Amino acid sequence: MSIILGALTTFMEGLAVASLALQGLKSLATPLLELGKELGLIEPETDVEDLGDKAIQSDLKPDDFDCYEEYLKAVEDYKLDPEKSKLSTEEKKIQKGIELTVGVMIDKYQDFSMDKFINMIDHNQNFFTEAKMGEIAKVIKMDGQSITDILHYVDGTEKNSTKIQGTVDTLLEIEKNTNPGLSDKEAFKNVMELRQ
């Protein structure tokens, strides 16, 4: 659990340094929460602000559980006190909700650099939209290695042309499935622009 919490702390510190305004936090929270839901790690009806509020109010700690998923479920089951809800800002609740969302994904996919993948989503929000998370989740569920493959394609560290082509094909399919009116040329351009 300490490896997961370390990766999570690094991510959240980066988020704090970025000093995202409320709108920036919401724009990051939306696709991440959707990915967590699509991967079956977060209850479908979960709202990121409520999730964060529950975590703040409950005083539950990840170390008190065998895995992060158990911690998240305990937080999701916590009953909110409306009076206590007034004591935390919307920003704090959303940040805490992001922390839980990211934590459970890092825990589940720790062998595949999920923490770096989430950072990549944050830095490429024009491509990794809420609408694409269902398609991305399908790819991840079929093969967790796709997390690393997409990450290495985007950050430019993948040099194997066969792997690059496979990842490009996957991203093109995601782009076309979520934007059916897009021409093949436009879809290809969007995928190429992801590579740093």
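Guide: A residue counts as buried when its relative accessible area is under 20%. Asp53, which is found in helix 3 (residues 48-58), therefore counts as buried, since its relative accessibility is 3%. Please keep in mind that this is a predicted model.

With that cut-off in hand, we can turn to the rings. A pair of aromatic rings is described by the distance of the centres and the angle of the planes. The count of aromatic pairs comes to four. In one of them, the rings of Phe117 and Phe128 have their centres 6.3 Å apart and their planes at 65°, so this pair is edge-to-face. The pair links distant parts of the chain, eleven residues apart, with Phe117 in helix 7 (residues 114-123) and Phe128 in the loop between helix 7 and helix 8 (133-142). Phe117 is buried, with a relative accessible area of 0%, and Phe128 likewise counts as buried at 0% relative accessibility.

Phe128 also forms an edge-to-face pair with Phe127, where the centres are 5.0 Å apart and the planes stand at 75°. Phe127 counts as buried, because its relative accessibility is 6%, and the charged end of Lys132 sits over the ring of Phe127, 4.2 Å from the centre of that ring. Elsewhere, ring pairs link Phe65, Tyr68 and Tyr71 into a cluster.

Note on methods:
Residues are numbered from 1 along each chain as its sequence is written. This is a predicted model: local features need pLDDT of at least 70, side-chain atom pairs count only at pLDDT 80 or more; totals for chains, interfaces and linings use all residues. Side-chain values use heavy atoms; hydrogens and water are left out. Helices (H or I, at least four residues) and strands (E, at least two) are DSSP runs, numbered from the N terminus. Buried means under 20% relative accessible area, exposed over 50%, partly exposed in between (1.4 Å probe, protein chains only). Rings of Phe, Tyr and Trp (its six-membered ring) pair if their centres lie within 6.5 Å; planes under 30 degrees apart count as stacked, over 60 as edge-to-face and the rest as tilted. A charge sits over a ring if NZ of Lys or CZ of Arg is within 6 Å of the ring centre and within 35 degrees of the ring normal.
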